[in-house]
Structure formats: structure tokens, C-alpha cells
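Have the viewer open as you read.

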Amino acid sequence: MDDESIRAFLQSRGVGVLGLPTDGPPYLLPMSFGSDGEGTLYFTYVAGDRSEKRALTERATAASFLVFDAPSPFSWRSVVVRGPIERVPESEWDGISDDLSDGWRPAVFEAAVSDGGIAVYRLDIERQNGFEQSSLPPGYATE
């Protein structure tokens, strides 16, 4: 996939898998996200101060994020991005509210917003790779 196709794909999705570094295997978790369409992804965390997700993110110098769509074995797309991840100060939230609204929001978000139990992080994309299959593989016969 070229850069334009990757940007469009990221803007058309709202959920992916965030990979955070640890001392062992990466910590993987499904995350809702928003995209500014220009190389930055935004994540809204619903977590307490003792959250492993939050602690690993604060410690990380970079993260990976996987977004995919696989409606069939012969038609699928996936994008992997990598880059630095950092907390967005609350004073900047109003400026990115449109980008944040793109993500999928389970009901737990509403309670957390009213309790103040959320944090916003941004991943600035430094590297990206997109792959897709949209046809039958060579040699596949249909009858």
C-alpha cells in the first residue's frame, strides 16, 4: 500500500492493537484510536494511576500499532505503524477533539470522562507498512 492508501485506511478504522515494549514479550492490547490523517494517531486511555498500560506507555520511547480488516481469506488489508508515543497535555485536548472523535467508544468511556479517569496519548508515525490482498491467489480455480 502506498502512503495515501495507508492514511485513508487508518482514517476509515477505529480499532487496532497497540504493542508496548516490556522486558519480555510486547504488551498487546486492543485500542480505539483516532487519526489526524497526517501521521499522528491518538488513543484515549481509561485507566487508573496504577494501570500497567499507562505505566508501560509512560516508560516507552516508541510503540507499534496494527490495524487490519480481513473480511475473507482472499480480501484483507493491514497496516503496521511505529513511532514515539507520549501523553498529550489536557490543555491540548480541545485542539484534537475532532481526531479523538473518530475512535470507537464503549460505554465505559462515558463514566470515565465524568470521573476524570482518562488520559490521551499520541503516536507520531515514523515508519509505516501496509499490505493488502484483494483477489484470488494465483492457481486458485473457481467452478
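## Ground rules

This is a predicted model, so local features need pLDDT of at least 70, side-chain atom pairs count only at pLDDT 80 or more, and totals for chains, interfaces and linings use all residues. Residues are numbered from 1 along each chain as its sequence is written, and side-chain values use heavy atoms, with hydrogens and water left out.

## The chain at a glance

The protein chain has four helices and nine strands. Helices (H or I, at least four residues) and strands (E, at least two) are DSSP runs, numbered from the N terminus. Following the sequence, they come in the pattern α-β-β-β-β-α-β-β-β-α-α-β-β.

Of the 143 residues in the protein chain, 37% are buried. Here buried means under 20% relative accessible area, exposed over 50%, and partly exposed in between (1.4 Å probe, protein chains only). The accessible surface of the chain is about 8,500 Å², with 48% of that belonging to carbon and sulfur atoms; these areas come from the Shrake-Rupley method with a 1.4 Å probe, and for residues only the protein chains shown count as cover. Now for contacts, meaning heavy atoms within 4.5 Å. Among those in the protein chain with a separation of 6 or more, 72% are between residues 24 or more positions apart.

## The sheet and its helices

Look for an open sheet of five strands, ordered β2-β1-β5-β6-β9, with antiparallel pairing. Two strands pair if DSSP finds at least two bridges between them. From one strand to the next, the twist averages 20°. Strand β1 (residues 15-20) pairs with β2 in the antiparallel sense over six bridges, and L20 has Y27 in β2 as its bridge partner.

Two helices pack on this sheet. Helix α1 (residues 3-12) touches β5 (63-72), β6 (75-83) and β9, and its direction makes about 95° with that of β6. Helix α2 (residues 52-59) touches β1 and β2, at about 100° to the direction of β2. For these angles, axes are lines fitted to C-alpha atoms (for helices over the stretch in contact), and values run from 0 to 180 degrees between N-to-C directions.

In soluble globular proteins, nonpolar side chains tend to be buried together. A nonpolar core, as used here, is a set of buried Ala, Val, Leu, Ile, Met, Phe, Trp, Tyr and Cys residues joined through side-chain atoms within 4.5 Å. The largest one has 23 residues, and those with the most contacts inside it are L10, L18, L41, F43 and F65. Elements giving two or more residues to this core are α1, β1, β2, β4 (40-46), β5, β6 and β8 (118-124).

What does F65 touch, leaving aside its neighbours within four places in sequence? Its contacts are G16, V17, L18, M31, F33, L41, F43, V79, V80 and V81. There's also a second, separate core of six residues, including V88, W93, I118 and V120.

## Charged pairs

Side chains of opposite charge can pair when their charged atoms come close. The structure holds five salt bridges, each a side-chain nitrogen of Lys or Arg within 4 Å of a carboxyl oxygen of Asp or Glu. In one of them, R13 pairs with D69, with the closest N and O atoms 3.6 Å apart. That pair links distant parts of the chain: R13 is in the loop between α1 and β1, D69 is in strand β5, and they are 56 residues apart. D69 also meets R77 in a salt bridge (3.8 Å, N to O), and R13, D69 and R77 are linked in a network of salt bridges. R13 is partly exposed at 26% relative accessibility, as are D69 at 23% and R77 at 28%.

Another salt bridge joins E58 and R87, with their closest N and O atoms 3.8 Å apart. E58 belongs to helix α2 and R87 to strand β7 (residues 85-88), 29 residues apart. Both count as partly exposed, E58 with a relative accessible area of 44% and R87 with 40%.

## A look at R59

R59 lies in helix α2. Is it buried or exposed? R59 counts as exposed, at 56% relative accessibility. Not counting residues up to four places away in sequence, R59 touches P21 and T22.
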